[in-house]
Amino acid sequence: MKTLSEILQSVARYAEAYSEIQSIQEESPLIPEGDQKTGCIGELYGYLYLANANPGATLTYGSHSEKGWDIECETAGRSKRIQI
């Protein structure tokens with residue numbers, strides 16, 4: 001079983017990573033904004049997958065209020081909305 005000290009160290013590392021991801025989100029359009037960092041990271045991986053699978057596509061993240069999709073992928077006049 002983990003000691004309280006080990007748990008607190010893990011929490012401190014998590015807080016540091018959370019803060020770093022927040023800073024990245026404010027500076028880079030590659031990772032969407034949002035307070036659910038695991039979801040934002042998942043969307044980043046989805047974005048990278050779609051970019052690789054659809055060379056030349058225009059990819060756009062949905063806004064926070066979009067309920068049915070996270071990324072829009074436009075290729076050759078066609079548009080797909082993807083939920084991650």
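**The sheet**

I began with S1 and S2, which run antiparallel and are joined by 4 bridges. Two strands count as paired if DSSP finds at least two bridges between them. Strands are DSSP runs (E, at least two residues) and helices likewise (H or I, at least four), numbered from the N terminus. The model is predicted: local features need pLDDT of at least 70, side-chain atom pairs pLDDT 80 or more, while totals for chains, interfaces and linings use all residues. Residues are numbered from 1 along each chain as its sequence is written, and side-chain values use heavy atoms, without hydrogens and water.

Next I looked up S2 (residues 71-75) and S3, an antiparallel pair with 5 bridges. I noted the order S1-S2-S3 in an open sheet of 3 strands. S1 (58-61) and S3 (78-82) are at the edges with a single partner strand each, so one side of each has no neighbour in the sheet.

I found helix H2 (residues 37-53) lying across S1, S2 and S3, at about 165° to S1. Axes are lines fitted to C-alpha atoms, for helices over the stretch in contact (heavy atoms within 4.5 Å). Angles run from 0 to 180 degrees between N-to-C directions.

Which residues does Glu43 touch, not counting those up to four places away in sequence? I listed Pro32, Tyr61, Asp70, Ile71 and Ile84. Glu43 is in helix H2.
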